[in-house]
Amino acid sequence: DYTGGGCPHILAEPQRTNEVTYSEDFSQWTSSGGMTVTLNDSTSPSGNLNATLLATSNANDLIYTSVSTTIASTLSVYVKWKVGSGNIDLSSDGGYNYTSLPVTEGWTRISISPTTIANQIVLKIPTSGSELYIWGAQLEEGSYATSYIPTSGSTVTRNQDIFTRDGIGSLINSTEGVLFVEAKAFENGSITVSNGTNNDNLIVSFNVNSGRLDVNMTVGGSYKFVFNYTTSVITNNKIAIKYKINDFALWVNGVEVLTDTSGDTAIANTYDRLNFSSANAASEFFKGKVKQLQVYDTALTDDQIRQITQ
């Protein structure tokens, strides 16, 4: 994912379905009042000539389409002004309980996450004589918008992103080292170094519900250290876990926050994989953005860890 500028980062997202059956062809939606709908009038954020122009003749002209979900969902759409300024109104409950959202002259993805179950998406332009570009409508069950899923006549599902790299035992020192990750999480999930079992692993868990990093190491099924550190995991953090016999530490954003000076580590050649999930790749799938991830084969000094986590 390249959004936000700078270097790209890994984007791991949950399974989601776009319930909008026509996410780009707005001629399949219903317009009211004097609104005109012109397909393929400008370049969309996809880089293709497939953005739709909505032009109003009256105040509060609107366009809508029916949808069906079973739980509260998030509605998102890309918009920008051609002629006009200010806010537009979005609703997804069919009762026209609108949310007013600002629109600019550049492409912006606006979204709402109402607590009601969606049954009709409505976009309303409050002013007459306005011209608004629109593209990429998405309704998905969940509390936040994920990356865009295009549709053209039916709903479309994107599967959960799962990242695993195995066969890398020669690159990981099981007896000592540092796991460094710069990331933020959308939901609860984990990143692990292991041998593919839950008996021998080093795990960093992002607990969004509790606002906490949970870090631990198990050797032969026994915990050797357990760190629980309260912080906002939905924002970007630089995290380093040092492990060495009788020398364990958790660093967050340049500060050593927790230590443990008692315990052994795994025997040589135990760890051979990295998972964005539980060690056995069966649960706790990581959902979020990872900007950096490194595994060092020696226990770095405090000064070295401070430098990489600042």
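Buried here means under 20% relative accessible area, exposed over 50%, and partly exposed in between, with a 1.4 Å probe and protein chains only. This is a predicted model, in which local features need pLDDT of at least 70 and side-chain atom pairs pLDDT 80 or more, while totals for chains, interfaces and linings use all residues. Residues are numbered from 1 along each chain as its sequence is written, and side-chain values use heavy atoms, without hydrogens and water.

**View 1. The chain and its burial.** Of the 310 residues, 46% are buried. The C-alpha atoms fill a box of roughly 75 × 35 × 30 Å along the principal axes. Among contacts (heavy atoms within 4.5 Å) with a separation of 6 or more, 69% link residues 24 or more positions apart.

**View 2. An open sheet of five strands.** The strand order is β4-β5-β12-β7-β10, with antiparallel pairing (two strands pair if DSSP finds at least two bridges between them). β4 (36-42) and β10 (108-112) are the edge strands; each has a single partner strand, so one side of each lacks a neighbour in the sheet. Neighbouring strands of this sheet are turned by 35° against each other on average, direction ignored (axes are lines fitted to C-alpha atoms).

**View 3. The β7 and β12 pair.** Strand β7 (residues 73-83) runs antiparallel to strand β12 (residues 131-141), and nine bridges join them. Leu 75 has Leu 139 in β12 as its bridge partner.

How values were computed: Helix = DSSP H or I, 4+ residues; strand = E, 2+ residues; numbered from the N terminus. Axes fitted to C-alpha atoms, helices over the stretch in contact; angles between N-to-C directions.
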